[in-house]
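Dear colleague,

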Amino acid sequence: MYGARYETRRQHAVGCTGVAAVVVLAAAPMLVQADPAYVYSDDFSTDQATVDSYAHSAFLEEVPDPLPHGGFLIYEEAVQGDRAVRFHAGTSLDSDARLAYLFPLTPMGGTVGGGMLEFDIVSSLGGHLRVWIGYGAGSEWVDTALSVDHYVYDLSPPDSCQTVDVLLWGDGVWVDNLRVTLECATDVESRSWARIKVLLGRESGPPN
Ligand SMILES: [Ca+2]
């Protein structure tokens, strides 16, 4: 049994209006880079995925014998001392293990305008991990991750939306270091004016 203490690594969610702009004072053109409004991360050192995900295959302590019909997940150390989550299919057709989230878990004070999904496959037994991303109107297949690597996916809603649906669905892989960052939607006019203000060094009011 793993540590009973639930330690969330979920980081704070802040309102979109409180996002500070970081001005990069490098060579022209100047860049305006906003901190993400919402950050979620899980290194699977705790059981937080069992409560943070809105749907998941059963979490088991070890691989059962005989195998169950449905897929299952196991917290396991793929790399010594570093716990990851193992995806294991069952015996039924299409029974890959599933882990699904709806981000943000806590409101971030605005609609989703973009973001990033990242995770590592830290070990694989010839396995695969299908990645689905949805923006409110069903999920969309994005990729099948096959090998040990760091994976990064751009979250770009076709329109601003309230939540992003992320489904990981696989067999024979160990996944670690899940991280999702979200940015609030900003209308083009506000975004342009923020940039103009930075360029001019002005703090208030549009030009007359
Ligand atoms: Ca880990």
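The notes below describe confidence, overall fold, the core and some backbone details.

This is a predicted model, in which local features need pLDDT of at least 70, side-chain atom pairs count only at pLDDT 80 or more, and totals for chains, interfaces and linings use all residues. Residues are numbered from 1 along each chain as its sequence is written.

The mean pLDDT (the predictor's confidence in each residue, from 0 to 100) is 81, and 72% of the residues reach 70 or more. Over residues 1-14 the pLDDT is below 50, although this stretch has 22 contacts in the model beyond near neighbours in sequence; two residues are in contact if their C-beta atoms, placed from the backbone, lie within 7 Å. Residues 203-208 also stay under 50, with two contacts beyond four places in sequence.

The protein has two helices and 12 strands, where helices (H or I, at least four residues) and strands (E, at least two) are DSSP runs numbered from the N terminus. Of its 208 residues, 28% count as buried. A residue is buried if 20 or more other C-beta atoms, placed from the backbone, lie within 10 Å of its own, exposed if 12 or fewer, and partly exposed in between.

The largest nonpolar core has 38 residues, among which L129, V175 and L182 touch the most other members. Such a core is a set of buried Ala, Val, Leu, Ile, Met, Phe, Trp, Tyr and Cys residues joined through C-beta atoms within 7 Å. Strand 12 gives the most to this core, with 12 residues. Leaving aside neighbours within four places in sequence, the contacts of L182 include F103, P104 and V112.

F103 and P104 are themselves joined by a cis peptide bond, with omega about 0°, and P104 is placed in the loop between strand 8 and strand 9.

D94 has phi near 55° and is found in the loop between strand 7 and strand 8; D94 is exposed because 8 other C-beta atoms lie within 10 Å. N177 also has phi near 55°, but lies in strand 12, and is partly exposed, with 16 such atoms within 10 Å.

Yours sincerely
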